[in-house]
Amino acid sequence: MQDIKTYINQNKDRFIEELIDLLKIPSISADSSYKQDVKRAAEVVRERLKEAGCDTVELYETPGNPVVFGEKIIDKNLPTVLIYGHYDVQPPDPIDLWEKPPFEPVIKTTELHPEGAIFARGSSDDKGQMYMHVKALEFMTKNDQLPCNIKFMIEGEEEVGSVNLGWFLERHANVVSNDVILISDTSMISRDVPSITTGLRGLSYMEVEVTGPNRDLHSGLYGGAVANPINVLSKLIASLQDENNRITIPGFYDKVEELSEQERSKMAEAPFDLEDYKRKLAIGDVQGEAGYSTLERGAIRPTLDVNGIWGGYTGEGAKTVLPSKAYAKISMRLVPNQDWKEISELFQKHFESIAPKSVTVKVNAHHGGQAYVTPIDTLEYQAANDAYEEAFGKTPIPQRSGGSIPIVSLFEETMKSKTILMGFGLDTDAIHSPNEHFGIWNYLKGIQTIPLFFKHFARLKQEAKS
Ligand code: BES
Ligand code: MN
Ligand code: MN
């Protein structure tokens with residue numbers, strides 16, 4: 001029997017090789033031409049879970065991509081930890097900005113990663129972080145240190161809104177039943193400042209289409225006399241935020257949960273260097289809702305962002321045209337108590353109401369999800385806290401994140417179990433961006449910390465019983 005540190009040291013090259021193999025599969029869920037690769041990634045995860053010690057592993061079909069489910073039940077009377085993660089990845093675009101091809105992983109050192117980082121799409125979000133759990137299971141089973149039951153539910157549609165996971169949960173509620181859900185799909189403050197994610201924002205994702213004349217027109221003959229849908233769309237979008245960067249949709253803030261002064265000052269204690277933040281992003285200044293700090297704007301306040309806008313001529317050279325149509329994809333990040341379906345409706349009503357008669361607009365809602373906040377005075381959080389203290393020698397900071405994992409609030413609704421978000425990525429990992437990477441130090445630290453969560457969770461559960 002080996003301890004985890006020795007085990008990692010002796011096996012780390014293989015751990016890295018195995019992850020690299022998984023990263024070579026372009027499992028892009030947003031693009032249906034990658035369907036076969038998505039399936040192959042699911043099959044590889046299934047095989048690896050078997051090798052790592054699961055007693056049974058199965059691919060469950062859904063109307064979309066399969067869910068990989070695996071389990072090792074050592075004793076029905078012991079508590080069960082459910083690991084959730086995703087094997088699908090974001091599209092790599094814009095592909096030209098990658099230094100090395102996104103699905104040909106390379107290891108490179110950087111300022112923040114002197115031990116090296118693996119560069120590939122999905123390295124941090126979420127294949128690398130998900131795979132830490134597979135290797136943690138391997139350690140626990142091979143060294144007789146699995147103190148409770150473990151289940152894995154690894155899905156292939158997280159990056160497209162987990163649209164079929166509700167369907168899956170309805171049909172397989174007892175298969176996935178558990179006492180706590182553990183997820184590594186978020187980030188921590190830095191390697192010297194460990195943190196546990198205690199909140200996620202919700203999401204409402206809209207698409208708008210603005211139509212002007214019934215065909216593209218010569219911008220010399222018609223320009224100035226007929227509304228240009230791209231000009232109109234730009235104005236409409238600009239009007240969605242006021243001079244204080246507050247969202248102007250009526251009713252948008254009605255249900256927003258305001259933090260107490262005490263909670264806000266607690267938040268302000270988290271280490272944050274604004275100058276460093278600006279330097280890393282090469283921006284001259286930050287901007288956002290008046291009256292809130294940068295950390296607050298990015299986690300506890302709702303936002304509205306254009307994710308893409310298109311129309312007219314975008315090819316080489318100059319073509320004079322007054323286009324017939326313009327489009328935009330607009331997302332709103334939401335905070336506790338805002339309901340994403342209600343916000344989507346408010347957006348639609350508002351957008352239709354502000355459109356001038358010179359154009360027609362169509363508004364469609366894509367996916368969405370509710371925000372999530374978890375208390376820290378729970379046994380589950382305590383177990384995570386103790387695991388980090390043992391692995392890092394420091395107390396982790398509870399911190400709300402601005403990102404979204406829509407399934408987390410659904411889990412709480414349908415399974416009534418708490419979710420613990422133990423993310424080991426960094427905000428600088430460039431997830432969803434070109435040159436995404438995951439630090440090898442972070443990868444191995446995750447593999448070290450996860451078994452400690454199991455240990456402390458099992459211990460605390462046992463203590464609570466007696
Ligand atoms: N893993 C991310 C979410 C995340 C990253 C949360 C870092 C906190 C810190 C997840 O894969 C993701 O990208 N979610 C999407 C939402 C989804 C519906 C497409 C997001 O947040 O944009
Ligand atoms: Mn993710
Ligand atoms: Mn993602």
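Buried means under 20% relative accessible area and exposed means over 50%, with partly exposed in between (1.4 Å probe, protein chains only). Welcome to a predicted model, in which local features need pLDDT of at least 70, side-chain atom pairs count only at pLDDT 80 or more, and totals for chains, interfaces and linings use all residues. Residues are numbered from 1 along each chain as its sequence is written, chains are lettered from A and ligands numbered from 1 in the order in which they are written, and side-chain values use heavy atoms, with hydrogens and water left out.

**View 1. His432 has a positive phi.** Here phi is near 65 degrees in a residue other than glycine. His432 sits in the loop that links strand E15 (418-421) with strand E16 (437-439). Helices (H or I, at least four residues) and strands (E, at least two) are DSSP runs, numbered from the N terminus. With a relative accessibility of 39%, His432 is partly exposed.

**View 2. Asn245 also has a positive phi.** Its value is about 60 degrees, although Asn245 is not a glycine. Look for Asn245 in the loop between helix H5 (229-238) and helix H6 (261-267). This residue is partly exposed, at 24% relative accessible area.

**View 3. A cis peptide bond leads from Asp93 to Pro94.** Omega for this bond is near -5 degrees. You will find Pro94 in the loop between strand E3 (80-86) and strand E4 (106-108).

**View 4. Asp125 and Asp126 are joined by a cis peptide bond.** Its omega is near 0 degrees. Asp126 belongs to the loop between strand E5 (117-119) and helix H3 (127-142).
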